[in-house]
Amino acid sequence: MQFLLDNYFLIAAAVVSGALLAWPMLRSRAGGPALSTLQATQLINARNAQVVDVREAGEYGAASLPNARNIPLGEIDKRAAELRKERPVIVFCNGGGRAPRAAARLRAAGLAEVYVLEGGLAAWREAGLPLKS
């Protein structure tokens, strides 16, 4: 017990650092399943997946995935009905910060098959896949 009292600062630092390491993993799971760029491309081609860019209109206008629909994160709740429930949905943003939140909201709106593009637009670009501008 004395050890804990003498080293409370080190123990607190260890607990905080462990929580910080676990946070990205827990946050990404909240968005549901993630797809690599290859898996996303396969799903688009095989099952005509709907692609949703959840970035703001200005970001979308600069560059996006081909055939992506722009529904900014702030509008996802009121515009979820625009998406067809029988087709899979792939959501993405720049790097993966907004897409998991959008995916969770789409699932709550009744869309069953929602995926997050792992790494977002940055991963798509890095893979050398086509963009529309």
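**What the labels rest on**

Modeller: By class, ten nonpolar, five polar and two charged residues line the largest pocket. This is a predicted model, where local features need pLDDT of at least 70, side-chain atom pairs count only at pLDDT 80 or more, and totals for chains, interfaces and linings use all residues. Residues are numbered from 1 along each chain, and side-chain values use heavy atoms, leaving out hydrogens and water.

Biologist: Which residues lie nearest the centre of the largest pocket?

Modeller: Ile44, Ala49, Val51, Pro66 and Asn67, out of 17 lining residues. The elements giving two or more residues to that lining are α3 (37–47) and β2 (50–53).

Biologist: Why does Ala109 count as partly exposed?

Modeller: Its relative accessibility is 36%, and buried means under 20%, exposed over 50%, partly exposed in between (1.4 Å probe, protein chains only). So Ala109 counts as partly exposed. Ala109 sits in the loop between α6 (99–108) and β5 (114–117).

Biologist: What is Ala109 in contact with, leaving aside neighbours within four places in sequence?

Modeller: Ala80 and Lys85; contact means heavy atoms within 4.5 Å.

Biologist: Back to β2: what makes β2 and β4 a pair?

Modeller: Two strands pair if DSSP finds at least two bridges between them. β2 and β4 (residues 89–92) have four bridges, in the parallel sense, so they pair. Asp53 has Phe92 as its bridge partner in β4.

Biologist: And which way do the β2 residues point?

Modeller: Gln50 and Val52 point one way, Val51 and Asp53 the other, and all are buried. In a regular strand, side chains alternate between the two faces of the sheet.

Note on methods:
On a 1 Å grid over the protein atoms alone, a cavity is a set of points where a 1.4 Å probe fits but cannot get out, and a pocket is an open set with protein on both sides within 12 Å along at least five of seven lines; lining residues have an atom within 4 Å of a point. Ala, Val, Leu, Ile, Met, Phe, Trp, Tyr, Cys and Pro count as nonpolar, Asp, Glu, Lys and Arg as charged, and the others, Gly among them, as polar.
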